[in-house]
Amino acid sequence: MKILACLLLIVSFAVQADDYAAARQSMIDELQLYAKLARDTDDARLSDAVLRAMNRVERHRMVPASQIPFAYENRPLPIGHGQTISQPYIVALMTELIDPDADDVVLEVGTGSGYQAAVLAELVEHVYSIEIIEALATQAKPRLQSMGYDNVTTKLGDGYFGWEEHAPFDAIVVTAAASHVPPPLIEQLKPGGLMIIPVGGRFMTQTLLLLEKTDDGEIITRQYGAVRFVPLTGKH
Ligand code: SAM
């Protein structure tokens with residue numbers, strides 16, 4: 001009887017795992033289609049490497065229990081404290097635009113659930129991620145560890161000021177909307193580095209900006225359309 005119960009438990013876990021894998025794959029298919037329709041340009045196409053990374057991250061483990069049924073829908077979801085886990089397409093696009101390399105060290109501002117950090121961690125050497133809300137920072141750290149992301153280091157703090165101790169960074173990903181590009185983040189970007197950041201007002205759509213710091217320190221800015229993020233808070 002005990003053996004039968006164990007077998008049933010194993011089968012039910014296997015079925016559940018398969019369910020999520022299928023849901024994740026169908027989200028990936030949707031992202032490919034969405035990328036084509038939303039921004040039909042070469043430089044916003046989602047690469048196989050980014051899509052593979054998106055397919056490896058178990059988003060259902062990064063949302064509150066009530067949101068698990070929606071974890072693989074291409075939309076932001078509430079994670080408590082008035083914050084959201086970002087829309088998968090936007091996570092994929094921002095990841096793509098920083099052109100991640102296996103030996104890159106990346107700073108993320110706005111850990112939230114840890115989802116964007118996990119996607120980056122699939123592609124780069126190390127991710128440093130800062131979160132300003134204590135409860136979210138406290139949840140994300142063990143979550144990322146339990147999911148095996150040993151190459152992510154998190155801290156509680158105001159990401160406006162970056163993380164000087166580990167700078168300069170090959171890339172910086174800001175996942176909250178700023179009224180302007182924080183000067184400390186520009187300083188902490190390597191020559192040749194890329195920063196992706198939504199810039200604009202709090203209660204409107206913002207513009208997704210890609211900044212490139214040239215080898216001689218000049219900043220080149222490109223725009224990647226309208227997005228809607230929660231605001232970058234803090235006392236800066
Ligand atoms: N990257 C997150 C994810 O994948 O779940 C999504 C983040 S949510 C859209 C934005 C996050 O930025 C929130 O968790 C918010 O608390 C955080 N945040 C806002 N202002 C911040 C600041 N100054 N420094 C660090 N984190 C900040």
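Close-up A. Start with Thr 175: one of its polar side-chain atoms lies 3.2 Å from a nitrogen atom of the ligand. That qualifies as a polar contact (a pair of N or O atoms within 3.5 Å). Glu 131 also reaches in with its side chain, putting a polar atom 2.6 Å from a ligand oxygen. On its own the ligand would expose 600 Å², and the protein buries 99% of that (Shrake-Rupley areas, 1.4 Å probe). Keep in mind that this is a predicted model: local features need pLDDT of at least 70 and side-chain atom pairs pLDDT 80 or more, while totals for chains, interfaces and linings use all residues. Residues are numbered from 1 along each chain as its sequence is written, and side-chain values use heavy atoms, with hydrogens and water left out.

**Close-up B. The shell around the ligand.** Here 27 residues surround the ligand, counting any residue with a heavy atom within 4 Å of it. The closest are Ser 113, Glu 131, Asp 158, Gly 159 and Thr 233. Sorted by class, the shell has eleven nonpolar, 13 polar and three charged residues, with Gly filed under polar and Asp, Glu, Lys and Arg under charged. At least two shell residues come from each of β2 (83–85), β3 (105–109), α4 (115–121) and β4 (126–131). The largest share, three residues, belongs to β2.

**Close-up C. A salt bridge between Glu 122 and Arg 56.** These two side chains meet at 2.7 Å, N to O. The pair ties together distant parts of the chain, 66 residues apart: Glu 122 is in the loop between α4 and β4, and Arg 56 is in helix α2 (residues 48–56). The model has five salt bridges, each a side-chain nitrogen of Lys or Arg within 4 Å of a carboxyl oxygen of Asp or Glu.

**Close-up D. The cis peptide bond at Pro 168.** Going from Ala 167 to Pro 168, the peptide bond is cis, with omega near 0°. Pro 168 is part of the loop between β5 (152–156) and β6 (169–174).

**Close-up E. Backbone at His 81.** His 81 has phi near 60°, a positive value in a residue other than glycine. You'll find His 81 in the loop between β1 (77–80) and β2.

Notes. Polar contact = N/O pair within 3.5 Å; in protein donor to acceptor, adjacent residues only side chain to side chain. Helix = DSSP H or I, 4+ residues; strand = E, 2+ residues; numbered from the N terminus.
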